[in-house]
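Reader: I'm new to this and have a structure open on my screen. Could you walk me through how to read it?

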Amino acid sequence: QPRHLLELLKRTTVHGESNSALIIGPRGSGKTALLNHVLKDLREMKQVRENLLENPFLSGLLQTNDKVALKEITRQLQLENVVGDKVFGSFAENLAFLLEALRKGSRTSSCPILFVLDEFDLFVHHKNQTLLYNLFDISQSAQTPVTVIGLTCRQDILELLEKRVKSRFSHRQIYLMNSFDFKQYIKIFKKQLSLPAEFPDESFVQKWNNNVQQLSEDKTVQDVLQSLFHHTKDLRSLHLLLMLAVSALTVHHPLLTAADLQEASRQRCTDSKANIVHGLSVLEICLIIAMKHLNEVYDGEPFNFQMVYNEFQKFIQRKAHSMYNFEKPVVMKAFEHLLQLELVQPLERPSLRAQREYLLMKLLLDSSQIMEALQVYPNCPTDVKQWAASSLSWL
């Protein structure tokens, strides 16, 4: 695969051939790493250094429409001064002008350009797929050497392309897969943790690497790694796990243990929303419990603030001994704070005239998240915990 991609880009930079290709594979399969590796090899070639490669990089997450994408291409090619205040009739005209400007630069021949489109599938949703159409169109023309490389996780990407766009695409596809098994995963684990032979302290290297070998054979560590392996083969998740474990080391605790990896695994899986709950006031916790009960009563149907307030009032009147009965505006302010934290979400965009009390909402926490967060909530009143755990029979 690196050889095919290198040959493709070499043809663009050395021989002036235009082309297009897609690199397809699941997240973490090495699509960007493959491209960066090939570009590094390419730039070390003497022939390529003589014919400098321009390399605009676009991401579907950042360039959300064609206008923004074109502005970013102009910025990366450093042609803002050339474009100035010119007005173009169409996207194609603007792009053609940029390429023409590069051709009329100080270099005698046309400057080869490699367009990299990360999250390629998101560009498919741009209006009329104009950007893709024009890039693939110029990658078929003989005027400027242009190659377009798309990176995507979508296996069905070709089905998402419009007919006119598909007809201009070369249909070159490079597929990447995380095909390693668990034995190879353990080897990767050892390789990532092991210290190199050239490390200054030889005795520590031996001690550390022996410890890594023992860890790789430890049943507890293998269980942690197996759990992660079955969840995702993305090596970035493994790197995160190891980084969390290694960051726990100190002068007095210089070697990794199975317990360090277990703790790192627990931290990696920490629920961010449940963590937010730990920092809420008792009043806000009560409102979340009221919403939890409403979800149970109405089987997940949306609710409004007034319903939550009524539920809270029932609790105050019947059950609460440690809770102060807050005024309605104070309760409303606490509810709005939950909205800001995105623990609660309105079903539709509120209009200016809409009464805030009656806007339909949904809770973005499930019952188990709430109960787990309450277990570690500091100084939570007993009757509030009991209310959360209670069935609906007391209503």
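Reader: Where is Ser 20 found?

Author: Helices (H or I, at least four residues) and strands (E, at least two) are DSSP runs, numbered from the N terminus. Here, Ser 20 sits in strand β1, residues 19–24. Bear in mind that this is a predicted model, where local features need pLDDT of at least 70 and side-chain atom pairs count only at pLDDT 80 or more, while totals for chains, interfaces and linings use all residues. Residues are numbered from 1 along each chain as its sequence is written, and side-chain values use heavy atoms, with hydrogens and water left out.

Reader: Is Ser 20 buried or exposed?

Author: Buried means under 20% relative accessible area, exposed over 50%, and partly exposed in between, with a 1.4 Å probe and protein chains only. Ser 20 has a relative accessible area of 1%, so it is buried.

Reader: Which residues does Ser 20 touch?

Author: A contact means heavy atoms within 4.5 Å. Leaving out residues up to four places away in sequence, Ser 20 touches Phe 136, Ser 139, Val 148, Arg 168, Phe 169, Ser 170 and Arg 172.

Reader: What about Gln 63, buried or exposed?

Author: Gln 63 counts as buried because its relative accessibility is 7%. You'll find Gln 63 in the loop between β2 (57–59) and α4 (66–76). Apart from residues up to four places away in sequence, Gln 63 touches Leu 58, Val 68, Ala 69, Glu 72, Phe 123 and His 126. Take His 126: Gln 63 and His 126 are 63 residues apart in sequence, and their C-alpha atoms are 9.8 Å apart in space.

Reader: How many residues along the chain lie between the positions of Ile 113 and Leu 53, and what separates their C-alpha atoms?

Author: They are 60 residues apart along the chain, with 5.8 Å between the C-alpha atoms. Ile 113 belongs to strand β3, residues 113–118, and at 0% relative accessibility Ile 113 counts as buried.

Reader: OK, helices next. How do α11 and α14 cross?

Author: Axes are lines fitted to C-alpha atoms, for helices over the stretch in contact, and angles run from 0 to 180 degrees between N-to-C directions. The axes of α11 (residues 182–193) and α14 (residues 235–246) come within 11 Å and cross at roughly 45°.

Reader: One last thing: which residue has a positive phi although it is not a glycine?

Author: Glu 342 is one of them, with a phi of about 60°. Glu 342 is in the loop between α19 (328–340) and β6 (344–346), and it is exposed, with a relative accessible area of 54%. Glu 119 also has a positive phi, about 50°, and is not a glycine. Glu 119 counts as buried at 11% relative accessibility.
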